[in-house]
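Here is a short report on one protein model.

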Amino acid sequence: MNLVSFTAGDQAHWGVTAGEGVLALSQEFPEFPTLRDVISAQAIPQVLSAAEGRAPSHAPGSYALQIPIPNPEKIICVGVNFPDRNAEYKDGKDAPANMSLFPRFARGFSGHGAALIRPPESEQLDYEGEIAVVIGKGGRRIPEAEALSHVAGLTLCNEGTIRDWVRHAKFNVTQGKNWDRSGAMGPWLVPFTDPAQILDVAIETRVNGELRQSDRTSRMIFPVARQIAYISTFTTLVPGDIIVTGTPTGAGARFEPPVWLKPGDVVEVSAEGIGTLRNEVADE
């Protein structure tokens with residue numbers, strides 16, 4: 001069972017995957033308004049136990065998946081975190097000693113199956129397939145050796161980017177990374193119980209069925225444990241925070257000429273043990 005946030009009609013719910021559908025549990029746990037509250041209370045085992053062996057409450061087609069954590073305090077993204085991504089910059093420099101980071105906002109993401117939105121201000125909508133980790137136990141200055149014990153779950157992210165807006169300023173990428181619904185997250189949150197779920201995992205991105213990105217987490221310049229330790233040095237991580245861990249080479253901007261996403265394109269981000277995040281592109 002994986003954890004989900006979803007809407008049915010005008011009602012927001014959280015629950016778990018069940019068969020081909022989902023099982024709503026939010027009404028049974030009113031003390032937990034969202035999955036972030038479940039995580040904060042360290043209650044994932046409790047809700048999974050409550051769902052054991054039960055039939056779905058909502059059949060396919062009767063609900064829409066939302067991003068798993070609808071209200072994170074912060075989403076922090078790690079840039080240039082695979083060796084081939086560093087080489088893309090063609091500046092002759094080795095990877096830096098510390099990671100590049102930037103923030104994203106929850107409003108910038110659609111759920112699984114929803115549209116990725118290309119805004120009228122730019123045609124340069126690009127994809128970046130990544131694994132995202134959700135913090136389960138908060139902390140400050142978390143030792144790297146203990147960092148993975150702070151993870152509650154894993155999900156997938158298409159860290160959609162408006163490329164020309166990334167270059168609007170001298171050193172800032174934030175405005176190119178935060179267009180409403182330009183990216184996606186989901187489809188669900190996989191409970192994290194074993195470091196093997198993240199240490200050497202294949203991640204791939206396909207556009208209209210064509211493989212564009214493929215790598216393994218074991219090749220990250222800054223592994224997930226290092227990300228958690230470094231980020232928690234300067235900011236307190238809290239339950240429900242999301243770290244988007246980095247994308248392999250192969251985004252549309254790296255083609256000659258660049259290949260931007262257009263309406264009707266389908267982007268699929270997949271990772272071993274997590275699943276597939278699928279979204280179709282649409283104009284705003």
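Of the 284 residues in the protein, 54% are buried (under 20% relative accessible area; exposed is over 50%, partly exposed in between; 1.4 Å probe, protein chains only). The model is predicted: local features need pLDDT of at least 70, side-chain atom pairs count only at pLDDT 80 or more, and totals for chains, interfaces and linings use all residues. Residues are numbered from 1 along each chain as its sequence is written, and side-chain values use heavy atoms, leaving out hydrogens and water.

The fold has 6 helices and 18 strands (DSSP runs: H or I of at least four residues, E of at least two). The radius of gyration is 18 Å, close to the 19 Å from the globule rule for 284 residues, so the protein is as compact as a globular protein of that length. That radius is taken over C-alpha atoms, and the rule is 2.2 Å times the number of residues to the power 0.38. The C-alpha trace spans about 55 × 45 × 30 Å along its principal axes. Among contacts (heavy atoms within 4.5 Å) with a separation of 6 or more, 75% join residues 24 or more positions apart.

Now the cysteines. The structure holds 0 disulfides (cysteine sulfur pairs within 2.5 Å).

| Cysteine | Relative accessible area | Closest cysteine sulfur |
|---|---|---|
| Cys-77 | 0%, buried | Cys-157, 6.3 Å |
| Cys-157 | 0%, buried | Cys-77, 6.3 Å |

The sulfur of Cys-77 is too far from that of Cys-157 for a bond.
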